[in-house]
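Open the model in your viewer and keep the selection tool at hand. The stops below go from one pair of elements to the next.

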Amino acid sequence: MGLGEVIAGKIDPMNIADQLAKSNLPSAVRDALLAQLALVEEQAELAKQQSGQIKFRDQHIAALTLEIAHLRRMRYGVRAESLSAEQRQLFEDTLDSDIAAIEVRVEAAAPKEKRERAGRQALPAHLPRTEILHEPDSCSCAECGLTLAKMGDDVSEQLDYHPGTFRVLRHIRPQYACRRCETVTAAPIPASLIDGGLPTPALLAWIMVSKYVDHLPLYRIAQIAERQGVTLARSTLASWVGVIGFWLQPLADRLAERLLTQTILHADETPVSQLDPGKGKTKKAYLWVYRSNVLAAGPPIVVFDYQISRSGQHVRDFLSDWQGRLMVDGYAGYKALFSTGVTELGCWAHARRKFYELYESNQSPIAAEALRRIAALYALESEINALDLTPEARIAERARQRLLEARPLLNEFKTWLDQMLLKVAPNSGLAKALNYSCKRWDALERYSEDGLSPIDNNPVENAIRPIAIGKKNWLFTGSEQSGHRAAAIQTLLGTAKLNGIEPLMWLTEALEKLPTWPNSRIDELLPFVKDQSPQDNEG
């Protein structure tokens, strides 16, 4: 009887156990055989589990490989006449990034095997070299203790970038041999984000910040490098972007988890264009944005979520079972949330905008009066924010002042709105502005019920503004996958800026640590000021 026969089902262990129990064998022999049988059953079960895991892994790898093949067909089979030169350029860069991101997922899923380092072009000789010597921990043989004899150096070079300057880091690892044991010892090569280790974390961080903060397309980044005699192919840059996006995704996911622990959030959305290469034009997609409460304690967080439509289902999927107060504009896509434990907060900036546009167009005295009343609400908020108080004391004082000062102003405002509606012509611009505030009045006045709810949605709109400015440069995203990647990276770099952290410095440090950083300590890599509490904050 063998393990293979048991796994294949040719032998039923239960029948053997019954036969042994009925046999006349000595008890010691019978017990030994039963113990052996139990071990065989355990090994058979383990083998089945491993077989299932291998099958799942192989199916996953096969699916990713198929996706890579599909993207490569798109990359090299796209008709030149169907897209403009600018569109083709972005489309090709995006596909190179997408392919690289999937390839690194395949590598992560496949069994670990030592890969041969691919050959590459030598780095430019004119660049300054910085030599870094890596000595082994000990110059004695680990086997016999004999002093090692140096036999040569293993030298590798990386392209590095400091703001405005390229240089080469020349890593020297002396090779030591033990004559007695015939072994070779050298300092280990550290783990790297990019296979082969050509770019340093500083160079990768500069490329990512240039693309996603300064909104430079890859061909412009390549031109900047070319001016200093450094040739960086766009396809190479694109593959690096795809791989770094893969490595940064867990950090962005963790920021989203941290965000959803808070009880008050801002939300908004902005349209972006996504390239549709099959039709040679673009289609509309959306970047949904969620921000932590601007009045709450703790590090601010902004999370971007890329979706191909403006359906309210996307915000419901993102928030999942989250419950709390959500500050939004009047878009109907949010309405379904407010019957599931989510409470709507209305944005006074949107209400004000309706009257401001009317006043700018025709100097309407009714619009002017509405603006004056809204300004009084904001003036009270400014006075409270200017007080020299601790965060906890400011929240308490804001709640008190809103009850004593804002509530009477709001009650008077609502009475005035109702009176004006009776006087203006139906369907006029004034009627629409008045109706907007009246229909959303419960949500608009809800901020005054406590000292922690924001008065408007301006903080999340401010987080979107750099994206809107960048759209003038990058015009559209190349694929849905690149949109998700961009959203994750914008989440991290946008949160860094909210926390007063220079994105390039933070990203360089994060990319240096990521290859060997334990997932249990992922919060330490998030773009927060280091002396802030790592605990999640409510608000």
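Select Ala 149. Opposite Ala 149 stands Ala 177 in strand S3. Now widen the selection to strand S2 (residues 149-162) and strand S3 (residues 165-178): they pair in the antiparallel sense over 13 bridges. Strands pair if DSSP finds at least two bridges between them. Helices (H or I, at least four residues) and strands (E, at least two) are DSSP runs, numbered from the N terminus.

Go to the turn. S2 and S3 form a hairpin with 2 residues between them. Gly 164 in that turn has a positive phi of about 90 degrees.

A word on the source: this is a predicted model, in which local features need pLDDT of at least 70, side-chain atom pairs count only at pLDDT 80 or more, and totals for chains, interfaces and linings use all residues. Residues are numbered from 1 along each chain as its sequence is written, and side-chain values use heavy atoms, with hydrogens and water left out.

Next, select helix H9 (residues 348-362) and helix H10 (residues 365-385). Their axes come within 9 Å and cross at roughly 150 degrees. Axes are lines fitted to C-alpha atoms, for helices over the stretch in contact, and angles run from 0 to 180 degrees between N-to-C directions. H9 is therefore roughly antiparallel to H10. Ala, Val, Leu, Ile, Met, Phe, Trp, Tyr, Cys and Pro count as nonpolar, Asp, Glu, Lys and Arg as charged, and the others, Gly among them, as polar.

Move to helix H15 (residues 480-498). H15 has 19 residues and reaches 26 Å from first C-alpha to last, close to the 27 Å expected. That expected span is 1.5 Å times one less than the number of residues. Gly 500 follows H15, with a positive phi near 75 degrees.

The axes of H7 and H15 come within 8 Å and cross at roughly 60 degrees. H7 and H15 are therefore oblique to each other. Contact residues include Gly 242 and Gly 245 of H7, and Arg 485 and Ala 488 of H15. By class, the contact of H7 with H15 has 8 nonpolar, 5 polar and 1 charged residues.

Methods
Parallel < 35°, antiparallel > 145°, perpendicular 65-115°, else oblique. Contact = heavy atoms within 4.5 Å.
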